[in-house]
Amino acid sequence: NKKQILVLPPNRPLSTHLRRRIERRVKRPIDGTFVRTASSFAFAILQRDAALKGLPAPRLLTGTAHDEVIESVVQTVLEQQPEGTGALSIAPEVLQSDAFRAELRELDRVLNDFSLQPGELLAQLDEAVSPNEGTGAGSGSVPTELSEQWVAAVGLLAKVGEVLAVSRPDELSASAMQRAACAIIRVNEEIAVPKLVLID
């Protein structure tokens, strides 16, 4: 029964390729979505749960939308920062670059993957700052200058999160979707899940 089997490949192109290989192996087309990415499966679970509750399903936060909010937050922070204070510990030209925004999105993805809030990372950075170079009494594994840059970047992410919570409250990252789907599976017996899950 195809509804009792799910194959999870790492990305969409491989999902399409793997589905075709399986269909060639069984020598017939197979209805339904028995090969899909983890994000796609998570979205299907969230969609089903929302339908049962009569609520709109959450949507995926796209990289483009995320980037636009980051750019807006950076611009706002730069406008509010007194000129020459260097309060962010990162040069304005770096903050406004495409490469920096990409790195910030990647940092946010990693935090999401580990279900770690910016404030929690800030606390860990405070513990790790070199005691003889700053005001902290940490382990000394991170120099103060580097710690300040991390603090600035994570602080920006915290502001980005605040903006997203207001402007895009129904949009979730891929990792957040998967965590939410896991939580639903644990408590909602009306959500049917495959008995056999194969991970490629």
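**S115 and the rest**

I started with S115, which counts as partly exposed because its relative accessibility is 41%. My cut-offs are under 20% relative accessible area for buried, over 50% for exposed and partly exposed in between, with a 1.4 Å probe and protein chains only. S115 sits in the loop between α5 (98-113) and α6 (118-128). Its phi is positive, about 50 degrees, although S115 is not a glycine.

Ground rules, before I forget. This is a predicted model, so local features need pLDDT of at least 70 and side-chain atom pairs count only at pLDDT 80 or more, while totals for chains, interfaces and linings use all residues. Residues are numbered from 1 along each chain as its sequence is written, and side-chain values use heavy atoms, with hydrogens and water left out. Helices (H or I, at least four residues) and strands (E, at least two) are DSSP runs numbered from the N terminus.

**Helix α3**

I checked the length of helix α3 (residues 63-80). The expected span is 1.5 Å times one less than the number of residues. For the 18 residues of α3 that should give 26 Å, and the end C-alpha atoms are 26 Å apart, which agrees. I also noted the buried residues of α3; among them are A65, H66, D67, V69 and I70.

**Salt bridges**

I took a salt bridge as a side-chain nitrogen of Lys or Arg within 4 Å of a carboxyl oxygen of Asp or Glu. By that rule I get 9 salt bridges.

Which side chain does R105 meet in a salt bridge? I found D67, at 2.6 Å from N to O. D67 counts as buried because its relative accessibility is 16%, whereas R105, at 26%, counts as partly exposed.

Next I looked at D98, which bridges to R101 with the closest N and O atoms 2.5 Å apart. Both lie in helix α5, 3 residues apart, about one turn of the helix. D98 counts as exposed at 56% relative accessibility, but R101 is buried at 8%.

D113 and R109 make another salt bridge, again with 2.5 Å between the closest N and O atoms. They are 4 residues apart in helix α5, so about one helical turn separates them. D113 is partly exposed at 38%, and R109 is partly exposed at 40%. Salt bridges with shared partners join D67, D98, R101 and R105 into one network.

**Nonpolar cores**

For a core I used buried Ala, Val, Leu, Ile, Met, Phe, Trp, Tyr and Cys residues joined through side-chain atoms within 4.5 Å. The largest one has 23 residues, and L95, L104, L107 and L156 touch the most other members. The elements giving two or more residues to this core are α3, α5, α6 and α7 (144-167). A second, separate core of 10 residues includes L8, L46, M177 and I191.

**Surface patch**

Last stop: I5, L196 and L198, which form a nonpolar patch on the surface with about 230 Å² of accessible area together. Areas are Shrake-Rupley with a 1.4 Å probe, and for residues only the protein chains shown count as cover. Patch members need over 30% relative accessible area and no salt bridge; nonpolar side chains (Val, Leu, Ile, Met, Phe, Trp, Tyr) are joined within 5 Å, like charges within 9 Å. L196 lies in strand β4 (residues 196-199) and is partly exposed at 39% relative accessibility.
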